[in-house]
Amino acid sequence: MTNRPIVPLISFDDYEALYGGGMPKHEFIEGHVRAMTGGTRTHSHLILTFGSLLRSPAIKAGCVALVARRLDVVRSDGRADRSYYPDG
């Protein structure tokens, strides 16, 4: 049997107050806060390449891009339980 440290869970409202929009970026997943790592040049190149390839066909198909600094995932009860920083 291993002893694991007990990590307290926090509410989404507490996450917003402590980390919302700040740097460095943190993600909130079901009460746990995780620090994000920095990106790489390869990652940035891939994101720009795919975005460029998809932009024209998406516009022709009538798609509208959702531009957001952060993506909050909301449960059916209206409470956010996850928050991510999407690429692109």
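**Reading the features of a predicted model**

Q: How many aromatic pairs does a search of the whole structure find?

A: The search turns up three. Rings of Phe, Tyr and Trp (its six-membered ring) pair if their centres lie within 6.5 Å; planes under 30 degrees apart count as stacked, over 60 as edge-to-face and the rest as tilted. One of the pairs is Phe 12 with Tyr 15, which is tilted, at 5.7 Å centre to centre and 40° between the planes. Ring pairs also link Phe 12, Tyr 15 and Phe 28 into a cluster.

Q: What should I know about the model before I go on?

A: This is a predicted model, where local features need pLDDT of at least 70 and side-chain atom pairs count only at pLDDT 80 or more, while totals for chains, interfaces and linings use all residues. Residues are numbered from 1 along each chain as its sequence is written, and side-chain values use heavy atoms, with hydrogens and water left out.

Q: Where do Phe 12 and Tyr 15 lie, and are they buried or exposed?

A: Helices (H or I, at least four residues) and strands (E, at least two) are DSSP runs, numbered from the N terminus. Both residues belong to helix α1, three residues apart, about one turn of the helix. For burial, under 20% relative accessible area is buried, over 50% is exposed, and in between is partly exposed (1.4 Å probe, protein chains only). Phe 12 is at 11%, so it counts as buried, and Tyr 15 counts as buried because its value is 0%.

Q: How do the elements follow one another along the sequence?

A: The pattern reads α-β-β-α-β-β, built from two helices and four strands. Of the 88 residues in the protein, 14% are buried.

Q: Which strands does β1 pair with?

A: Two strands pair if DSSP finds at least two bridges between them. Strand β1 (residues 26–29) runs antiparallel to β2, with four bridges joining them. β1 also pairs with strand β4 (residues 80–84), again in the antiparallel sense, over two bridges. Phe 28 shows up on both sides: its bridge partner in β2 is Val 33, and in β4 it stands opposite Ser 83.

Q: Which way do the side chains of β1 point?

A: In a regular strand the side chains alternate between the two faces of the sheet. Here His 26 and Phe 28 point one way, Glu 27 and Ile 29 the other way, and all of them are buried.

Q: What happens in the turn between β1 and β2?

A: Most residues other than glycine have a negative phi. Glu 30 has a positive phi of about 50° although it is not a glycine. Glu 30 sits in the turn of the hairpin that β1 and β2 form, with two residues between the strands. With a relative accessible area of 44%, Glu 30 is partly exposed.

Q: How far does helix α2 reach, and where is its kink?

A: The expected span of a helix is 1.5 Å times one less than its number of residues. α2 (residues 41–60) has 20 residues and reaches 30 Å from first C-alpha to last, close to the expected 28 Å. The bend at a residue is the angle between axes fitted to the seven residues ending there and the seven starting there. In α2 a kink of about 30° lies at Leu 54, shortly before the proline Pro 57. Just after the helix, Gly 62 takes a positive phi of about 90°.
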